[in-house]
Amino acid sequence: MKNEIVKLLKKLEKEYNISILFAVENGSRAWGMDSQDSDYDIRFVFYRPLEEYITLNKPEDVITAAFDEKFQPHEVRDSLIDMCGFDIFKYLKLLASSNPTTIEWLNTPIVYLGDNNIELKSYINNNFSRKKLFYHYFSMAKSNYKLYIVEGKQITYKKYLYSMRGMLNAEYVYVFDKIPPLKLEDTLAELSALLPDNVVSGLKEVIGLKSQGFEKETVLSIPVFDAFLKSEFDKTYTFVDKQGVNWRLFDKFLQNCLGVKTSDISPAKCGNID
């Protein structure tokens, strides 16, 4: 499958005249929550030739594509392979603001193309905003729970796991002030001493059921998870923000990717027009 995914990524490079910095898996497969029929959630960062950025017509900063089992173009819904790429400008701005999704792209172990072990990885893993990271995962847990569990017509193990993953990641950030592991089982293992025993055992059971292909099985409710989530949502959380972003570090990385040397840039050439 990896070879086919790489072929599709290479086609996108030619079609859009882009270079892919790296392409990774960031979905249930990366989170250790996949089942036999799980799709592939491919996420990538791309950049264009420098001259394409120096234009009044701003190039698109998001590229999406989806494919079926025969690797033919398909709608995202019910596709086997779902691809989404961010232009390097968009990606770096999100990364600098401690966007959890872009941080996960750097930490996922499943890499299809390029190398996600970039110079900024160490920096962001040690200089993220604890508050922003926490509230992203917390909001994700709360909104998923409300939409898919409280108001959902068909409650499934998968929807419960997505809510619980959000809450456990938020808890991990709050307690340890670190980036959560990609795999839910690893996060659960590190938090297990702080969680109710029935929540830990319940999560292990549901993760096992999902891996066996029961992710879409309809359930009435899981009271243990309901009680846990509601209690976490009602808590009060306080934070102390860290220092600001080192923008020069991000600028340098961007300039290196685009092959720009700051010594080559001469503001004097942009003078008044006679």
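Which loop is Ser98 found in?

**View 1. Ser98, a residue with positive phi in a loop.** In this predicted model, Ser98 is found in the loop between α2 (88-96) and α3 (100-107). Its phi is about 65 degrees, and that is a positive value even though the residue is not a glycine. For context, most residues other than glycine have a negative phi. As for cover, Ser98 is buried, with a relative accessible area of 5%.

**View 2. Asp177, a positive phi between α6 and α7.** Asp177 is found in the loop between α6 (157-176) and α7 (184-191). Its phi is near 55 degrees, again positive in a residue other than glycine. Asp177 counts as partly exposed, at 29% relative accessibility, whereas Ser98 is buried.

**View 3. Asn169, a buried residue of helix α6.** Here we look at Asn169, which sits in helix α6.

**View 4. The largest nonpolar core.** This core has 64 residues, and the members that touch the most others are Phe22, Ile88, Tyr91, Leu92, Leu95, Met167 and Leu168. Which helix gives the most to this core? That would be α6, with nine residues.

**View 5. Leu92 and its partners.** Zooming in on Leu92, we find that this residue touches Leu120, Phe250, Phe253 and Leu254, once residues up to four places away in sequence are not counted. There is also a second, separate core of 20 residues, which includes Ile5, Leu8, Ile18 and Leu113.

**View 6. Stepping back to the whole protein.** The secondary structure comes to ten helices and five strands, and the C-alpha atoms fill a box of roughly 75 × 50 × 30 Å along the principal axes. Of the 274 residues, 46% are buried. Take the contacts between residues at least 6 apart in sequence: 69% of them join residues at least 24 apart. The protein exposes about 15100 Å², with carbon and sulfur atoms supplying 50% of that. As for charge, there are 35 positive and 38 negative side chains, and the centres of the two sets lie 3 Å apart.

Key
Residues numbered from 1 in each chain as written. Predicted model: local features only at pLDDT ≥ 70, side-chain atom pairs only at ≥ 80, totals over all residues. Heavy atoms only, no water. Helix = DSSP H or I, 4+ residues; strand = E, 2+ residues; numbered from the N terminus. Buried < 20%, exposed > 50% of the residue type's maximum accessible area, 1.4 Å probe, protein only. Core = buried A, V, L, I, M, F, W, Y, C linked by side-chain atoms within 4.5 Å. Contact = heavy atoms within 4.5 Å. Areas by Shrake-Rupley, 256 points an atom, 1.4 Å probe, with all protein chains shown as cover. Lys, Arg positive; Asp, Glu negative; His and termini not counted. Charge placed at Lys NZ, Arg CZ, Asp CG, Glu CD.
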